[in-house]
Amino acid sequence: MTAPLLQVRNLAKTFGGTGGFFSRAQPLVSAIDNVSFDLHDGEVLGIVGESGCGKSTLAKLLLGLLRENDGSITLDGRQVSGLPPREARRLRSDVQYVHQDPGAALDPWWRVGNTLHETMRIHGISDAKERETRISEVLEAVGLSGDFVNRYPHELSGGQQRRIGLARTLALRPRIILLDEPTSGLDLSVQATVLRLMNDLRERYKLTYILISHDLSVVHRMCDRIAVMYLGRIVELGETEAVFGSPAHPYTKALIGSAPKLVRDDTSVELIQGDPPDATNIPSGCAFRSRCPLAIDSCAATKPELEEISASHRIACPPELRRLTNGPAASVSSL
Amino acid sequence: MTDTALLEVRDLSLSVKTDAGVARILDHIDFSIRRGEIVGLVGESGCGKSTVVRVLLGLLPKGAQIDSGRILFKGVDLLTLRPKDVARRIRGRSIGFIPQDPYQSFNPTFTVGKQMLEVLRWSGLPDEAPDTRWTRAVQARHRAKLIEMLEAVNIADPAGALERYPHQFSGGQRQRILIATVLACQPDLLLADEPTTALDVTTQMQILHLLRDLALDFGVAVMMVTHDFGVVAQLCDRVSVMYAGQTVETGTAHAVIHQPAHPYTERLIACHPDLSETIVGIPGQVSSPINPPMGCRFHPRCLIATDACADQRPVLRTLEGAHRVACLMREAAS
Ligand SMILES: Nc1ncnc2c1ncn2[C@@H]1O[C@H](COP(=O)(O)OP(=O)(O)O)[C@@H](O)[C@H]1O
Ligand SMILES: Nc1ncnc2c1ncn2[C@@H]1O[C@H](COP(=O)(O)OP(=O)(O)O)[C@@H](O)[C@H]1O
Ligand SMILES: [Mg+2]
Ligand SMILES: [Mg+2]
């Protein structure tokens, strides 16, 4: 196997905690805690979890928009972490981002063409003719006609806004694209066209994707591997078939069980109750224990680390519990 | 008998004058809801679902005109009432509303309790005379009612919750608080316009179960607006499918999901991830209500349409029991 394109090791990011001279101390939030994973060339890695689990923070760290407190990020064998944001950003031009709400990311007063030009200018593409060439190429690639450069954002449908968001990113010729909730707010019937387009573009431009979503069905159908996050930590990581076929962490099971299925079944799903705890007040030991149907006393004592349960499938849940979760009652995976 | 309809929408058509021409946003909408029943109103964005909700709340869009139809609510045609009377006697009292984004319904600068009390002050409790003065004693009654309702929607420490601000709650909790407020007025019908699209799957499922329990416990009927047949399957007794302002199919949730009769319904259900490993969509988009396609509005996207479909508007016909469909191809087949 070739070396991973991107290597993330023991990444950590906290917010707040120290009060400045003029400001009151903000409560300490551990948004990303000891996160490690590899991203291989050409793959689609999904990152799922409820809102507030740290998905966007992770994206910003990878992009160099935020500076990590700890850990390292290696891109193509080069260490890119620990640098001041400006430097980090330059080194990471291979990594680009598609905004969660492309409508909001477009300037309402600017025609699409201006936005595309400006994005490239900011990234140092000063030759106007080169920009023109790229614009017509990427518009064609996302299936929009050339006259879309004259449109204003409000003249675009939800699906068209996503396409412009993709075009804008493609124009920068990245190798890795971070897609933040690429289908949220779209009808199921429209999601499909956007997802298929993303697949086509990946093949055409030999791209690698990190797909952030809270929608399991999207991740299931798009990704090669999946990382499930809970309160800043990865709790399950593995190939898509493994994670959906035999989910092993109680949280993953609950997530999969919560997707509204076409057949009503009131019995098999063990719903988790409540919301994730406040990020300023994460339970000791396993953060999920306060909502976990299987938690035992020892879960409060130590933070479980990711451990291999089969080749290419790892979970952060101690073996005592794993025996319980592998029982027959665990067959919630009917997707 | 529980069979009598609480709400009957019959042949409802509505158009709006716009700069670009007349938009016929609702075109022969037809469905009903019985007491205590949960009915799904399903269709893609732009099909007119929210417009139906607005009309039921007596909030016609600007420049809108009712072209035909009746809305019988507890036997009274809402369309014959003055908007002012709908606002005073029905909206917020016997018909409650839960919006998509609970955050926008709150003012961030006041406590949740103050805002909930304000709602009750305006609508009053059902056993109070319309002109009840807002005395200390009445306020105390309202507060007690709100605490009872917050308990019913599983908000921990209800009395404490009243003193907190909207941002101190999660999206799911805010949606519960809103549901509690609406239910305190003991409505007969709850209109929920995509109330879970902004929420995580875990929270969405909790809210769906909550609505189901509340419908049972309080006997309130629910109209659930959604574009997801998974939500229909989990929550609804019956469903009404809309396409481009027209009712194309109605029936029990079970019958419609397992034996969809309209090609649009079939395609919409096929988009559900349970049914396919690959990604399925519906190419094209919902037609604009200005100069919509003639005949069946779905025919340009339909895989089995014939020339007749571009000519003739299909009307709802009964297939079996309460299962009705508006499709010429279906008529031809039977
Ligand atoms: N700039 C910030 N300052 C303080 N806390 C933040 C900041 N950004 C994110 N957080 C906190 O970090 C946690 C993770 O947030 P986020 O990465 O946005 O999650 P997600 O994208 O999964 O919803 C949350 O508790 C959030 O409140
Ligand atoms: N006040 C209005 N004036 C003109 N067109 C409108 C107005 N309100 C809604 N529409 C149009 O009516 C159609 C249905 O809208 P809506 O009821 O919001 O659909 P849905 O809730 O199913 O997404 C859309 O094409 C929308 O653009
Ligand atoms: Mg986010
Ligand atoms: Mg709507």
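This is a predicted model: local features need pLDDT of at least 70, side-chain atom pairs count only at pLDDT 80 or more; totals for chains, interfaces and linings use all residues.

Student: How do I read a sheet, and in what order do the strands of chain B's open sheet run?

Tutor: Strands of a sheet pair through backbone hydrogen bonds, either parallel or antiparallel. Helices (H or I, at least four residues) and strands (E, at least two) are DSSP runs numbered from the N terminus, and two strands pair if DSSP finds at least two bridges between them. In chain B, eight strands make an open sheet in the order 6-7-8-3-9-10-12-11, with mixed pairing. Strand 6 (95-98) and strand 11 (317-320) of chain B are at the edges with a single partner strand each, so one side of each has no neighbour in the sheet.

Student: How do strand 6 and strand 7 of chain B pair?

Tutor: Strand 6 and strand 7 (residues 189-193) of chain B pair in the parallel sense, over four bridges. There, F97(B) sits opposite L191(B) of strand 7.

Student: What about the interface: how many residues of chain A are in contact with chain B?

Tutor: Contact means heavy atoms within 4.5 Å. By that rule, 36 residues of chain A touch 39 residues of chain B. For salt bridges (a side-chain nitrogen of Lys or Arg within 4 Å of a carboxyl oxygen of Asp or Glu), the count across this interface of chain A and chain B is zero.

Student: Is Q206(B) buried or exposed?

Tutor: Buried means under 20% relative accessible area, exposed over 50%, and partly exposed in between (1.4 Å probe, protein chains only). Q206(B), at 6% relative accessibility, counts as buried. You'll find Q206(B) in helix 7 (residues 201-218) of chain B. Beyond its neighbours within four places in sequence, Q206(B) contacts I272(A), Q273(A), G274(A), R291(A) and R176(B).

Student: And where is P130(B)?

Tutor: P130(B) lies in the loop between helix 3 (112-123) and helix 4 (136-152) of chain B. P130(B) is exposed, at a relative accessible area of 77%.

How values were computed. Residues are numbered from 1 along each chain as its sequence is written. Chains are lettered from A and ligands numbered from 1 in the order in which they are written. Side-chain values use heavy atoms; hydrogens and water are left out.
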